[in-house]
Amino acid sequence: MDQYQDVSFSFASLLRQHALFRPEAPALTFEGITQTYRQLNDASSRIANALLADGVTTGDRVAVLSKNTPEFFEIAFACSKIGAVLVGLNWRLAAREIEAIAADATPKLIIASQAEGTLLTETVRNYSTLQRVIELGREYDSWRDAAPTDDPTASYIAQPDDVCLILYTSGTTGLPKGVMLTNEGMSFSPRIAKEAWGFVDSSVNLVAMPMFHIGGIGYGSSAFCSGGHTVLMRGVDPALILRTIADYRVTHAFFVPAVISLLLNTPDVQSTDLSSLGLIVYGASPISDAVLRQAISVFGCGFMQAYGMTETSGTVVSLPRSDHDPDGLRVHLLRACGLAFPWTEVRLIDPKTMSDAALGDVGEIWLRSGQVMKGYWGNPQETARTISVDGWLRTGDAAYMDAEGYLFLFDRFKDMIVSGGENI
């Protein structure tokens with residue numbers, strides 16, 4: 001554990017802190033309805049008690065299958081309060097793939113929207129390990145609201161190595177693997193939010209990435225880390241994104257390059273008041289020089305590139321806003337993914353010799369950090385292939401490094417297609 005990290009960190013500890021000291025501050029807005037920190041804390045306590053009443057205990061999995069909805073955060077905080085593990089299910093997958101993931105994760109409960117719930121086959125619904133499926137809407141509301149608001153603080157004391165999230169990532173071969181993220185790994189989120197992204201308690205964060213993705217639940221938690229305001233969108237709607245930025249005076253947002261392109265091609269982009277924007281973080285796939293230059297000009301705010309993956313609990317390398325100068329002497333840095341965070345070690349390994357690549361030569365990115373996953377759920381063989389005995393994560397990404405430590409992505413050592421910010 002890094003000497004600056006809070007060994008008692010959990011998502012629940014964040015919410016409890018802000019509910020105590022900033023109870024009436026806006027915490028989460030969705031489709032015009034805002035919950036304060038007090039209301040979000042009470043809702044999560046109700047759900048935590050409802051989960052306990054249904055027999056969910058520390059280490060049990062609770063899966064969510066839905067497009068973005070505020071209930072996702074309620075459930076995430078609730079699971080953290082009792083030590084249950086939140087599993088984000090990818091609604092972009094086919095029903096047979098959801099079936100395989102559910103068989104692997106063995107959740108005790110699945111909470112699903114009416115629309116995405118159609119992906120749950122009868123086989124899934126009849127798994128012996130699944131106690132029940134709860135549909136978002138009236139059933140979920142009744143289940144939640146019947147439980148008391150008392151915070152179940154005595155039911156669980158968070159430990160750094162406890163798994164809090166399992167997010168499934170598509171690999172190059174075989175079925176998606178369940179990435180186990182711990183309280184320790186996610187405890188770096190407040191540092192990233194403050195030190196890299198510049199979040200404060202007055203920040204307003206727009207979140208449109210899907211919650212089953214680390215860019216959704218990970219970056220999407222940034223405002224909560226500082227006591228700021230999260231504005232959640234069901235999905236990507238370029239015109240609505242622009243209106244939301246103007247209406248809520250959004251200060252921060254994360255977009256994949258494809259979404260940035262869509263926004264630049266939206267008719268209202270030139271006439272919308274985007275002056276509140278302070279920072280746009282981008283990543284998950286390459287961005288063209290032309291799109292980045294146009295975005296810097298049109299949005300008129302800071303830009304930072306983020307490099308990371310599900311296995312690293314999110315961003316571990318970032319290109320600072322000061323290096324986003326299209327007309328400066330260091331314009332070549334716009335092609336870099338950036339510098340490693342101070343608590344992250346980076347090596348580039350020649351896959352033929354398994355030794356460190358020479359400066360400027362291409363090698364596979366290896367990372368070591370407290371952010372690295374615990375492993376793949378139920379898959380010790382793949383875990384051993386991915387994490388060395390001394391803690392280095394083999395990313396499969398090819399890159400080279402310059403003399404200043406800037407990392408430049410070159411290719412993939414593993415064949416991969418990127419679609420919508422996801423590896424396929």
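User: Which ring does the charged end of R347 sit over?

Analyst: A charge counts as over a ring if NZ of Lys or CZ of Arg is within 6 Å of the ring centre and within 35 degrees of the ring normal. Here, the charged end of R347 sits over W392, 5.2 Å from the ring centre. K67 lies over the face of W91, also at 5.2 Å from the ring centre. This is a predicted model: local features need pLDDT of at least 70, side-chain atom pairs count only at pLDDT 80 or more, and totals for chains, interfaces and linings use all residues. Residues are numbered from 1 along each chain as its sequence is written, and side-chain values use heavy atoms, without hydrogens and water.

User: How many aromatic pairs does a search of the whole structure find?

Analyst: A pair of aromatic rings is described by the distance of the centres and the angle of the planes. Rings of Phe, Tyr and Trp (its six-membered ring) pair with centres within 6.5 Å; planes under 30 degrees apart are stacked, over 60 edge-to-face, the rest tilted. The search finds 13 pairs. In one, F77 and F224 have ring centres 5.4 Å apart and planes at 85 degrees, so the pair is edge-to-face. Y37, F73, F77 and F224 form one aromatic cluster.

User: Are F77 and F224 buried or exposed?

Analyst: Buried means under 20% relative accessible area, exposed over 50%, partly exposed in between (1.4 Å probe, protein chains only). F77 and F224 are both buried.
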